[in-house]
Amino acid sequence: MVEIGNPGLMAMALEVDLARFRQARRIVRMPRAVEELAETLARVVLMLRQAAEREQSVDLGDEVVRLIEQFRGTLRAVGGEPAQA
């Protein structure tokens, strides 16, 4: 498990990833599995937002961390991440 001391910050980062996904989806057809992954991460964002409102830290399970990494990897593969200088 990974402890998230600032769930609001993590939620914002995931929201940016989801916005990039929506932009990439306009250009590239995404597999259904990636669409489902985005839906799952949207629910994680909601959970993180609720914890932030209560000023609580959150323990993310290893599986959730792997899903986030998989989603971000997919975004990089389709060009949904800004170019690095």
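Figure 1. Let us begin with helix H3, residues 62–78, whose 17 residues reach 25 Å from the first C-alpha to the last, close to the 24 Å expected at 1.5 Å a residue. The expected span is 1.5 Å times one less than the number of residues. Helices (H or I, at least four residues) and strands (E, at least two) are DSSP runs, numbered from the N terminus. This is a predicted model, in which local features need pLDDT of at least 70 and side-chain atom pairs count only at pLDDT 80 or more, while totals for chains, interfaces and linings use all residues. Residues are numbered from 1 along each chain as its sequence is written, and side-chain values use heavy atoms, with hydrogens and water left out.

Which residues of H3 are buried? They are Ile68, Phe71 and Leu75. These residues cover an arc of only 65 degrees around the axis, so they sit on the same side of H3. The arc is taken from the directions that run from the helix axis to the C-beta atoms. On the face of H3 turned away from its buried side you will find the exposed residues Glu69 and Ala77. Buried means under 20% relative accessible area, exposed over 50%, and partly exposed in between (1.4 Å probe, protein chains only). The cover over the buried residues of H3 includes H1, helix H2 (32–53) and strand E2 (58–60).

**Figure 2. Helix H1 and what covers it.** H1 has 21 residues and spans 31 Å from its first C-alpha to its last, close to the 30 Å expected at 1.5 Å a residue. Its buried residues include Met10, Leu14, Asp17, Leu18 and Phe21. Among the elements covering the buried residues of H1 are strand E1 (2–4), H2, E2 and H3.

**Figure 3. A closer look at Asp17.** Asp17 belongs to helix H1, residues 7–27. Is Asp17 buried or exposed? Asp17 counts as buried because its relative accessibility is 5%. Setting aside neighbours within four places in sequence, Asp17 is in contact with Phe71, Arg72 and Leu75. Contact means heavy atoms within 4.5 Å.

**Figure 4. Where H1 meets H3.** Two packed helices are described by the angle between their axes and the distance between the axes. The axes of H1 and H3 come within 10 Å and cross at roughly 40 degrees. Axes are lines fitted to C-alpha atoms, for helices over the stretch in contact, and angles run from 0 to 180 degrees between N-to-C directions. H1 passes H3 in a left-handed crossing; a crossing is left-handed if the near helix is turned anticlockwise from the far one by less than a right angle, and right-handed if clockwise. Among the residues that meet here are Ala13, Asp17 and Ala24 of H1, and Ile68, Phe71 and Val78 of H3.

**Figure 5. H1 alongside H2.** The H1 and H2 axes come within 9 Å and cross at roughly 155 degrees. H1 and H2 are therefore roughly antiparallel to each other. Angles under 35 degrees count as roughly parallel, over 145 as roughly antiparallel, 65 to 115 as roughly perpendicular and the rest as oblique. The crossing of H1 past H2 is left-handed. Residues of H1 including Met10, Leu14 and Phe21 meet residues of H2 including Glu35, Ala38 and Leu48.

Figure 6. Glu35 lies in helix H2 and counts as buried because its relative accessibility is 16%. Not counting residues up to four places away in sequence, Glu35 touches Phe21, Arg25 and Met30. Glu39 is also found in helix H2, and at 38% relative accessibility Glu39 counts as partly exposed.

**Figure 7. Where H2 meets H3.** How do H2 and H3 cross, and at what angle? Their axes come within 10 Å and cross at roughly 130 degrees. H2 and H3 are therefore oblique to each other. The contact includes Leu37, Leu41 and Val44 of H2, along with Val64, Leu67 and Thr74 of H3. H2 passes H3 in a left-handed crossing.

**Figure 8. Glu55 in its loop.** Glu55 is found in the loop between H2 and E2. Glu55 is exposed, with a relative accessible area of 75%. Its phi is near 55 degrees, a positive value in a residue other than glycine.
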